[in-house]
Amino acid sequence: MTGLNTILILVGLFLAGGVYSFSKQGMPKGVIVLLAIGSLMCLVAGVLRIQGLWD
C-alpha cells in the first residue's frame, strides 16, 4: 500500500464523515450529494489502486 492509496482512502473516509455530519445538520441536499460523490470517488480510486487495477 503506497502513500497515495492511503491518502485517497483517508480523504474518502473524511468526506464520508462530512456527509453524515452535514445530513445531521440539515445542510442543502446539493452539498450533501456532491460530498458523497467525492467521497465515493476517493474510496473507489484508493481501492482500485490497491488491487492494481488502476496505475
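Modeller: Before the surface of this predicted model is read, one term is needed: a patch is made of residues with over 30% relative accessible area and no salt bridge, and nonpolar side chains are joined into it within 5 Å.

Colleague: Which residues form a nonpolar patch on the surface here?

Modeller: The patch consists of Val33, Leu34, Ile37 and Met41, which together have about 420 Å² of accessible area. Val33 belongs to helix 2, which covers residues 29–51.

Colleague: How many helices and strands does the protein chain have?

Modeller: There are two helices and zero strands in the protein chain. Helix 1 runs over residues 3–25, and helix 2 over residues 29–51. Along the principal axes, the C-alpha atoms of the chain fill a box of roughly 40 × 15 × 10 Å.

Colleague: Are helix 1 and helix 2 roughly parallel or roughly antiparallel to each other?

Modeller: The reading starts from the angle between the axes, and an angle over 145 degrees counts as roughly antiparallel. The axes of helix 1 and helix 2 cross at roughly 155° and come within 8 Å. The two helices are therefore roughly antiparallel to each other. As for handedness, helix 1 passes helix 2 in a left-handed crossing.

Colleague: Which C-alpha separations illustrate this pairing?

Modeller: Ala16, found in helix 1, and Leu35 are 19 residues apart in sequence, with 7.5 Å between their C-alpha atoms. Gly18, also in helix 1, has its C-alpha atom 8.3 Å from that of Ile32, 14 residues away along the chain. Ile50, placed in helix 2, is 46 residues from Leu4 in sequence and 9.8 Å from Leu4 in space, C-alpha to C-alpha.

Colleague: How far apart are the C-alpha atoms of Leu43 and Val31?

Modeller: Those C-alpha atoms are separated by 18 Å, and the two residues are 12 apart along the chain. Leu43 is found in helix 2.

Colleague: Is Gly18 buried or exposed?

Modeller: The relative accessible area of Gly18 is 18%, which means that Gly18 is buried. Ala16, at 31% relative accessibility, counts as partly exposed.

Colleague: What share of the residues in the protein chain is buried?

Modeller: The chain has 55 residues, and buried residues make up 24% of them.

How values were computed. Residues are numbered from 1 along each chain as its sequence is written. This is a predicted model: local features need pLDDT of at least 70, side-chain atom pairs count only at pLDDT 80 or more; totals for chains, interfaces and linings use all residues. Side-chain values use heavy atoms; hydrogens and water are left out. Patches are made of residues with over 30% relative accessible area and no salt bridge: like charges are joined within 9 Å, nonpolar side chains (Val, Leu, Ile, Met, Phe, Trp, Tyr) within 5 Å. Accessible areas come from the Shrake-Rupley method with a 1.4 Å probe; for residues, only the protein chains shown count as cover. A salt bridge is a side-chain nitrogen of Lys or Arg within 4 Å of a carboxyl oxygen of Asp or Glu. Helices (H or I, at least four residues) and strands (E, at least two) are DSSP runs, numbered from the N terminus. Buried means under 20% relative accessible area, exposed over 50%, partly exposed in between (1.4 Å probe, protein chains only). Axes are lines fitted to C-alpha atoms, for helices over the stretch in contact, and angles run from 0 to 180 degrees between N-to-C directions. Angles under 35 degrees count as roughly parallel, over 145 as roughly antiparallel, 65 to 115 as roughly perpendicular and the rest as oblique. A crossing is left-handed if the near helix is turned anticlockwise from the far one by less than a right angle, and right-handed if clockwise.
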